[in-house]
Amino acid sequence: MMSSTKRLLSLSTALAIALPSLAFAEPSAELIEAAKKEGMLTTIALPHDWCGYGDVIASFKAKYPEIQVNELNPDAGSADEVEAIKANKDNKGPQSPDVIDVGLAFGPQAKAEGLLQPYKVSTWDEIPDTIKDAEGYWYGDYYGVMSFLVNKDLVANTPKDWADLLKPEYAGQVALAGDPRASNQAILGVLAAGLAKDAKSGKEAGEAGLAYFAELNKAGNFVPVIGKSGTLAQGSTPIIVAWDYNALGWAKTLNGNPPTEVVVPEKGVLAGVYVQAISAYAPHPNAAKLWMEHLYSDEGQLGWLKGYCHPARFNAMVKAGKVPQDLIDALPPAASYEKAYFPTLEEVDANKAAVTGAWDSVVGANVQ
């Protein structure tokens with residue numbers, strides 16, 4: 001144990017010497033000063049129990065007390081965030097978001113529509129190339145896998161896989177954690193269900209997932225209510241399909257009342273990446289850049305890990321001995337993640353088009 005710790009420490013020291021301009025860089029004094037002059041940062045769609053965001057926001061406020069954090073619509077979906085930029089192009093007031101945190105498919109869409117401005121954080125090189133825009137218009141921040149959160153007071157037998165959810169014993173119990181016409185989490189929940197039916201990732205799995213949810217709805221098992229910790233506790237959505245970090249965060253908040261279980265299904269284990277970006281129309285562009293530096297610093301990345309998310313720099317930080325073992329141990333077993341499938345951007349886009357375009361006609365459940 002000691003020798004491996006020493007080895008990690010020496011590796012960490014070597015990296016500190018070899019990479020001063022990367023993971024160990026601090027934001028420039030000029031950027032900090034410019035951000036403080038702006039005095040505000042406007043975020044959107046950041047629930048405090050999502051991925052540890054409450055503590056991440058609090059640590060930013062503690063570090064930069066001169067900057068007021070204005071939080072818009074915490075329960076918005078990715079599509080709502082993109083629309084908020086569009087709707088406030090000419091508005092420099094408090095309803096105009098500086099930054100967005102959206103599903104992978106929404107980054108390139110917003111870039112293509114001219115809604116983003118590029119910025120490369122100082123730890124840029126440690127963000128995997130596959131989850132960032134080469135020009136810096138958007139960049140992956142964290143990922144999780146699709147899971148089931150179960151209210152054990154109401155569900156006797158915990159479902160282990162997607163096929164289980166179709167059983168009569170789960171009548172009126174299964175919900176998605178968002179509207180699949182607008183929420184990235186729900187759109188990818190449909191993709192995961194399609195992958196579990198051995199469909200090819202992308203359009204084919206999206207269509208197979210729609211067929212699955214149509215069957216679930218026809219069986220009377222699907223509940224057209226957006227699932228969250230409150231609906232789980234009240235019993236209106238005893239089983240919620242959600243990202244593992246949301247499920248684990250909600251379970252922690254509920255603190256055994258009711259007792260819960262979080263399950264990563266045996267098939268259709270889907271990994272989903274979320275990305276950060278700065279609005280092209282940001283009223284506080286320097287505060288936005290400083291926020292990004294905070295999110296991609298060691299402190300910010302570990303903040304997400306505390307919220308049960310795998311941060312973008314996870315692999316580089318583990319190699320550098322920067323990730324405490326207790327944070328790794330708090331996640332579901334590593335074996336659950338070994339089967340995780342990371343869809344390409346093209347597959348995510350094709351699935352999104354299939355799901356948002358045909359949910360109403362194929363499934364016909366008005367989720368709200």
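Visitor: Where does Val363 lie?
Guide: In this predicted model, Val363 sits in the segment after helix H15 (345-362).

Visitor: Is Val363 buried or exposed?
Guide: Val363 is buried: its relative accessible area is 7%, and under 20% counts as buried.

Visitor: And what is Val363 in contact with, neighbours within four places in sequence aside?
Guide: That would be Leu210, Phe213, Ala214, Asn217 and Ala358.

Visitor: OK, on to cores. How many residues has the largest nonpolar core?
Guide: It has 110 residues. Those with the most contacts inside it are Tyr53, Trp162, Phe213, Trp291, Met292 and Trp359. Helix H6 (residues 184-196) gives the largest share, 9 residues.

Visitor: Which residues is Trp359 in contact with, leaving aside those within four places in sequence?
Guide: Among them are Leu176, Pro180, Arg181, Val190, Phe213 and Val367.

Visitor: What other core lies apart from the largest one?
Guide: There's another one of 9 residues, including Leu149, Leu232, Ile240 and Ala251.

Visitor: New topic: at what angle do H3 and H11 cross?
Guide: The axes of H3 (residues 53-63) and H11 (residues 298-306) cross at roughly 155° and come within 8 Å. So H3 is roughly antiparallel to H11. Their crossing is right-handed.

Visitor: Which residues make that contact?
Guide: From H3, Tyr53, Val56, Ser59 and Lys63; from H11, Glu299, Gly300, Gly303 and Trp304. They divide into 3 nonpolar, 3 polar and 2 charged.

Note on methods:
Residues are numbered from 1 along each chain as its sequence is written. This is a predicted model: local features need pLDDT of at least 70, side-chain atom pairs count only at pLDDT 80 or more; totals for chains, interfaces and linings use all residues. Side-chain values use heavy atoms; hydrogens and water are left out. Axes are lines fitted to C-alpha atoms, for helices over the stretch in contact, and angles run from 0 to 180 degrees between N-to-C directions. Helices (H or I, at least four residues) and strands (E, at least two) are DSSP runs, numbered from the N terminus. Angles under 35 degrees count as roughly parallel, over 145 as roughly antiparallel, 65 to 115 as roughly perpendicular and the rest as oblique. A crossing is left-handed if the near helix is turned anticlockwise from the far one by less than a right angle, and right-handed if clockwise. Contact means heavy atoms within 4.5 Å. Ala, Val, Leu, Ile, Met, Phe, Trp, Tyr, Cys and Pro count as nonpolar, Asp, Glu, Lys and Arg as charged, and the others, Gly among them, as polar. A nonpolar core is a set of buried Ala, Val, Leu, Ile, Met, Phe, Trp, Tyr and Cys residues joined through side-chain atoms within 4.5 Å. Buried means under 20% relative accessible area, exposed over 50%, partly exposed in between (1.4 Å probe, protein chains only).
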